[in-house]
Amino acid sequence: MPRQTHPLECHPAFRAVIEAAPHLAELGLALRDGGLVSQLATACGDLAEGFAAGRDSPLRLVAHRRAYGTVRDLERKVIAIGRRQLASKHVVKRAQRAIDRADVMVGALLPA
């Protein structure tokens with residue numbers, strides 16, 4: 001039986017955030033800290049809230065800005081973890097690449 005897709009999977013920003021989850025989870029396991037994945041889940045919720053709002057509604061913009069702020073905060077945390085060498089370089093590098101992509105994709109939802 002083929003896997004059913006979720007309606008939000010048509011949005012590249014949502015997919016990018018979801019695709020970052022395993023890499024942040026791996027980093028969180030290395031650090032024994034589940035906060036990274038919790039923050040990512042919050043960003044997913046904010047993206048979902050934004051996509052549920054009308055296309056040009058202020059609610060959509062506010063929700064997507066919250067998601068972007070959360071993703072940016074995660075990116076800063078991953079950078080700091082790498083600088084402080086708190087986890088394997090390979091684990092940090094994969095998490096960094098994934099969260100960078102999510103940052104770009106979520107940022108593209110916001111007006112210039």
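Colleagues, helix 1 and helix 4 are roughly antiparallel to each other, a term used for angles over 145 degrees, with under 35 counted as roughly parallel, 65 to 115 as roughly perpendicular and the rest as oblique. Their axes come within 8 Å and cross at roughly 160 degrees; such axes are lines fitted to C-alpha atoms, for helices over the stretch in contact, with angles from 0 to 180 degrees between N-to-C directions. The model is predicted, so that local features need pLDDT of at least 70 and side-chain atom pairs count only at pLDDT 80 or more, whereas totals for chains, interfaces and linings use all residues. Residues are numbered from 1 along each chain as its sequence is written, and side-chain values use heavy atoms, leaving out hydrogens and water. Helices here are DSSP runs of H or I with at least four residues, strands are runs of E with at least two, and both are numbered from the N terminus.

The crossing of helix 1 and helix 4 is left-handed, in the sense that the near helix is turned anticlockwise from the far one by less than a right angle, clockwise being right-handed. Contact (heavy atoms within 4.5 Å) between this pair involves, among others, Ala13, Val17, Leu24 and Leu27 of helix 1 and Val91, Ala95, Ile99 and Met105 of helix 4.

How do helix 1 and helix 3 pack? Their angle is about 40 degrees, with the axes 12 Å apart, and the two helices are therefore oblique to each other. Here too the crossing is left-handed. The residues that make this contact are Val17, Leu24, Leu27 and Leu31 of helix 1, together with Val71, Leu74, Val78 and Ile81 of helix 3.

The largest nonpolar core has 26 residues, and Val17, Leu24, Leu27 and Ile99 have the most contacts inside it. Such a core is a set of buried Ala, Val, Leu, Ile, Met, Phe, Trp, Tyr and Cys residues joined through side-chain atoms within 4.5 Å; buried means under 20% relative accessible area, exposed over 50%, and partly exposed in between, with a 1.4 Å probe and protein chains only. Helix 1, helix 2, helix 3 and helix 4 each give two or more residues to this core. Apart from neighbours within four places in sequence, leucine 24 touches Leu36, Val37, Leu40, Leu74, Val78, Ala95 and Ile99.

Helix 3 covers residues 58-83. At 1.5 Å a residue, its 26 residues should span 38 Å, and the end C-alpha atoms lie 37 Å apart, which agrees; the expected span is 1.5 Å times one less than the number of residues. Its buried residues include Arg60, His64, Thr70 and Glu75 as well as Leu74 and Val78. Among the elements covering them are helix 1 (12-31), helix 2 (35-52) and helix 4 (89-107).

Beyond its neighbours within four places in sequence, glutamine 39 is in contact with Thr70, Asp73, Leu74 and Lys77.

Finally, the loops. Most residues other than glycine have a negative phi. Arginine 32, in the loop between helix 1 and helix 2, has a positive phi of about 55 degrees and is exposed, with a relative accessible area of 79%.
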